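Dear colleague,

I am handing over the structure below, and after it I set out what was found in it. Please read the notes with the coordinates open beside them.

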Amino acid sequence: MSGGTADDENGASGKLLPLPPLREVIARHGLSANRAFGQNFLFDLNLTGRIARAAAPIDVGTVIEIGPGPGGLTRALLDHGAREVIAIERDRRFMPVLAEISAAYPGRLQVIEGDALKVDAAKLGSAPRRVVANLPYNVATPLLLGWLESGTAFASLTLMFQKEVAERLLAQPKTKDYGRLSIATQWRAHVKRLFDLPPRAFTPPPKVTSTVVQLIPRAEPLFPADAAMLERVTAAAFGQRRKMLRQSLRQVSPQAEEVLVATGIAPTARGEELSIEQFCALARAFKVKGPIAPRAGL
Ligand code: SAM
């Protein structure tokens, strides 16, 4: 993908100082991608602009960007009118580059050097808060689950994932991708696929296709259930995907079969056949019975 011309990048955005093309900035600062930090950069202005437009409206409240890196998407957000961007970047090599962007858009970009997993983004800036990110793939899922736990603290999350993860976020029952992540996500948010990006859109190109997804947190979870119990039940049901629920859910309680019958679910069914509503009914019923097994991570 081309890095565009200086004119492209310094379009009609009201920025104070002209910024050089990203590839030039990277060369001048001697920056190279560090795979350990999941660094695959977007230089194409059409693509970064498309993501910024998809996150609209961004001229109110705060945009929180995770992993700005050299700032391609950050520039697009500012160029597309973001009133305030707070960007969290772990790799300190990018701080001087990001400071240059901040100087070009006075008072509109704040950079936090740190690990996004340790920052409570729900407390940053002012509402409406919108998270926009080309996520570092190694921490994309824990970041998403953390934000979803914050309920409606975020007006929207416009995020790039590996396509395979996006498929799991969007999956419906009776499909191979349906599982714990689909349920945890759709229970708390409306999820929409926006578009795919091929590996060649990035520098360096990753091995897989990427997908931009938009999530709008629900005011209330889809059906009532205790979050920890729902997670425990889905972990057991999908941890042994091929097994019948009467067997896999014994991890949650020895009375699994009784609970299944009481909730009107066939004990011979498998986890992938159940709707989110049915999983929530199971979580409520197990909560009454009391579980015995420890939780597993997603
Ligand atoms: N936004 C840039 C772009 O689109 O070109 C870079 C995206 S790159 C896929 C992911 C970025 O996240 C990198 O800059 C990386 O250093 C940063 N990163 C990785 N882990 C992080 C973490 N735990 N907290 C904050 N930033 C992180």
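**Overall architecture**

The protein chain holds 12 helices and nine strands, where helices (H or I, at least four residues) and strands (E, at least two) are DSSP runs numbered from the N terminus. This is a predicted model, in which local features need pLDDT of at least 70 and side-chain atom pairs count only at pLDDT 80 or more, while totals for chains, interfaces and linings use all residues. Residues are numbered from 1 along each chain as its sequence is written, and side-chain values use heavy atoms, with hydrogens and water left out.

Taken along the principal axes, the C-alpha atoms of the protein chain fill a box of roughly 70 × 35 × 30 Å. Of the 298 residues in the protein chain, 49% are buried (buried means under 20% relative accessible area, exposed over 50%, and partly exposed in between, with a 1.4 Å probe and protein chains only).

The largest pocket contains about 430 Å³ of space. A pocket here is an open set of points on a 1 Å grid over the protein atoms alone, where a 1.4 Å probe fits, with protein on both sides within 12 Å along at least five of seven lines, and lining residues have an atom within 4 Å of a point. The lining comprises 30 residues, of which Phe-37, Gly-67, Glu-89, Asn-134 and Pro-136 are the closest to the pocket centre. Strand S1 (41-42), strand S2 (62-66), helix H4 (72-79) and strand S3 (85-89) each supply at least two residues of this lining, which divides into 16 nonpolar, 10 polar and four charged residues.

Around the ligand there are 20 residues, and those that come nearest are Gln-39, Gly-67, Glu-89, Asp-115 and Asn-134 (a residue is near if one of its heavy atoms lies within 4 Å). As for polar contacts, which are pairs of N or O atoms within 3.5 Å, a polar backbone atom of Leu-42 is 2.8 Å from an oxygen atom of the ligand.

**Helices and their buried faces**

In helix H5 (residues 95-104), the buried residues are Met-95, Val-97, Leu-98, Ile-101 and Ala-104, and their cover includes helix H2 (22-28), H4, S3 and strand S4 (109-113). Helix H6 (residues 140-149) buries Ala-140, Leu-143, Leu-144, Leu-145, Trp-147 and Leu-148, and just after H6, Gly-151 takes a positive phi of about 60°.

**Two residues to look at**

Thr-185 is found in helix H8 (residues 180-188) and counts as buried because its relative accessibility is 0%. Its side chain reaches the backbone oxygen of Leu-181 at 2.7 Å, and, leaving aside neighbours within four places in sequence, Thr-185 is in contact with Leu-144, Leu-148, Leu-169, Val-191 and Leu-215.

Arg-270 is found in the loop between helix H11 (256-262) and helix H12 (276-289), and counts as partly exposed because its relative accessibility is 27%. Not counting residues up to four places away in sequence, Arg-270 touches Arg-241, Arg-242, Lys-243, Met-244 and Leu-245, while Arg-270 and Phe-238, 32 residues apart in sequence, are 8.5 Å apart in space, C-alpha to C-alpha.

With best regards

Technical notes: Points joined across faces, edges and corners; volume = space filled by probe spheres on them. Nonpolar A, V, L, I, M, F, W, Y, C, P; charged D, E, K, R; others polar. Contact = heavy atoms within 4.5 Å. Polar contact = N/O pair within 3.5 Å; in protein donor to acceptor, adjacent residues only side chain to side chain.
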